[in-house]
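Visitor: I am new to this structure. Please take a close look at one part of it for me, and then show me what surrounds that part in the rest of the chain.

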Amino acid sequence: KDADHVFEALLNTPAESQTLEEEEVLEERWIKEVVTRSGMKYRWARLAQEKERENRDASRRVLAPASLRPRPPVVTIMGHVDHGKTSLLDALRRSQLVEQEAGGITQHIGAFLVALPTGEQITFLDTPGHAAFTSMRARGANATDIIILVVAADDGVMNQTVESIQHAKNARVPVIVAVNKCDKPQAEPERVARELLEHGVVGEEHGGDVQVIPVSALKGDNLMLLAEATVALAEVLELKADPGGPVEGVVIESRTDRGKGAVASVIVQQGTLRRGCVLVAGRSWAKVRFLFDEQDKALEEAGPSRAVQVVGWKDLPSAGEELLEVESEQRAREVVEWRSYEEEQAQLKEEHKVIQERQQEHQERYQEQRQSTAHLSWRQRKAALYRANRQQAAMRPSEKTEKNQHCLPLIVKGDVDGSVEAILGLLESYDAHDQCQMELVHFGVGEISEKDVNLAETFSGSIYGFNVSASKSILRLAEKKGVQIHLHNIIYKLIDGLKEELSSTLPALL
Ligand code: GDP
């Protein structure tokens, strides 16, 4: 109770009416409270406290407008399938290449920068579609300032157009409409504008404030107009950031590169990213060794709204994770350790719950069994129980207490989110068709870890890795524990291997 009280006081006291010493005294009291009450280690309590302080400082920082400077908008393109999102992105990217020296090969790093002749800049996120957008939003990282809604002039408003409008509304992100394919003879841009009205998107011609720009991604018509409309909207939005102070941002893509190692594309949201910065994202951290732009040109620094590839990660961070600068490598390790600790606690809790539920189920089944077999002899009762247990075991094959052969518990690891998702998708469809017994125990991005091996041992399962490696010590550990690790670089080979292993376990079922 007292800790809660002190904590409340800390949060609610405005920064300016509290001296630093007062704050520290309060913090120290809070930590002592937590340590005595919950038996938490002092070090953990201290870290939790510091995290809270960072949050407080961050909110105070927003209140210091003197250091804010205008920044370019970050734009996501959305719309119905086949309406030309990819074509528009390509056209915009190409328009940029002409601007700069020829010969640059643009890489897909998740975003690219377009500079207008007037000097203004726009960052386009280049994973179109709302899957990427919503997954980022789900993680609380709202990286987009403006949505360009692409609607084909010959097709009009379709269901994914409506979905996109809904996403924009929910996220409170303003929209610009690009009426695409206006080069087509059957194009009816006026019809599109009318249909949009029905969904609350009111164009300027109809007295609203949404800019509707007719374009052709194919011919490259009116791209400049679209870019200017974007810049104009950005001005109205007064997008600002503090280029000084610690870096904040969001991871938009991550991959393992043959030459560079773990690479994450990030968008800087506050501060200026430089070589030597120490960053934390999720449960990985980096001491920035290099920064590259979308043409693999090395950069000295990247300010707000800039997308860059960051080299120097210890582990691969995931798309959508928040990026924060910390003051030292030591601090970065602590933050990562703290986050892992939190996650493990949550996982343990979850596992505990599952075990309890299963015990409960067992108990109930046993009671039922006893009641329904009360009139039978001891021998008959035992036979019935045995049959029921066998049935149950078939339904829940991975449970360790009911050791069975006809199930394959799986752990899937991949190099990037995308590949893991692809494998899970394939597994799902396979599972549905063939009704074979697979149970996904765990999946994730990154090298095969000791945790994976331990999990596989617990569930008597196998580990499948796509485009990832396993260190010698991990391989030795797996061998010792009798855990199979299968590493593949081609998805269909991985799936084939899996099918083979499945069918070799199936006969035991019969
Ligand atoms: P997405 O699914 O929204 O990414 O759509 P795409 O960019 O893949 O485009 C779908 C199809 O429309 C492709 O065949 C494109 O060549 C075509 N397309 C895209 N933009 C235009 C355009 O401005 N004019 C015409 N005529 N065709 C276009």
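Guide: Glu501 counts as buried because its relative accessibility is 15%. Buried means under 20% relative accessible area, exposed means over 50%, and partly exposed is in between, with a 1.4 Å probe and protein chains only. The model is predicted: local features need pLDDT of at least 70, side-chain atom pairs count only at pLDDT 80 or more, and totals for chains, interfaces and linings use all residues. Residues are numbered from 1 along each chain as its sequence is written, and side-chain values use heavy atoms, with hydrogens and water left out.

Glu501 sits in helix H14, residues 491-505. Helices (H or I, at least four residues) and strands (E, at least two) are DSSP runs, numbered from the N terminus. Setting aside residues up to four places away in sequence, Glu501 touches Leu408, Ser462, Tyr464 and His486. Contact means heavy atoms within 4.5 Å.

Now the whole chain. The protein chain has 14 helices and 21 strands. Of its 510 residues, 43% are buried. Among contacts with a separation of 6 or more, 70% join residues 24 or more positions apart.

Next, a sheet. Its 6 strands form an open sheet in the order S3-S4-S2-S5-S6-S7, with mixed pairing. Two strands pair if DSSP finds at least two bridges between them. The edges are strand S3 (111-115) and strand S7 (212-214), and each pairs on one side only. Strand S5 (residues 146-152) and strand S6 (residues 175-180) run parallel, joined by 6 bridges. Ala152 has Asn180 in S6 as its bridge partner. Helix H6 (residues 159-170) lies across strand S2 (74-79), S5 and S6, and runs at about 165 degrees to S5. Axes are lines fitted to C-alpha atoms, for helices over the stretch in contact, and angles run from 0 to 180 degrees between N-to-C directions.

Last, the cores. A nonpolar core is a set of buried Ala, Val, Leu, Ile, Met, Phe, Trp, Tyr and Cys residues joined through side-chain atoms within 4.5 Å. The largest has 27 residues, and those with the most contacts inside it include Ile77, Leu88 and Ile148. Elements giving it two or more residues include S2, S5, S6 and helix H8 (223-237). H8 gives the most, with 7 residues. Leaving aside neighbours within four places in sequence, Leu88 is in contact with residues including Ile77, Ile148 and Leu226. A second, separate core of 20 residues includes Val251, Ala262, Leu299 and Leu316.
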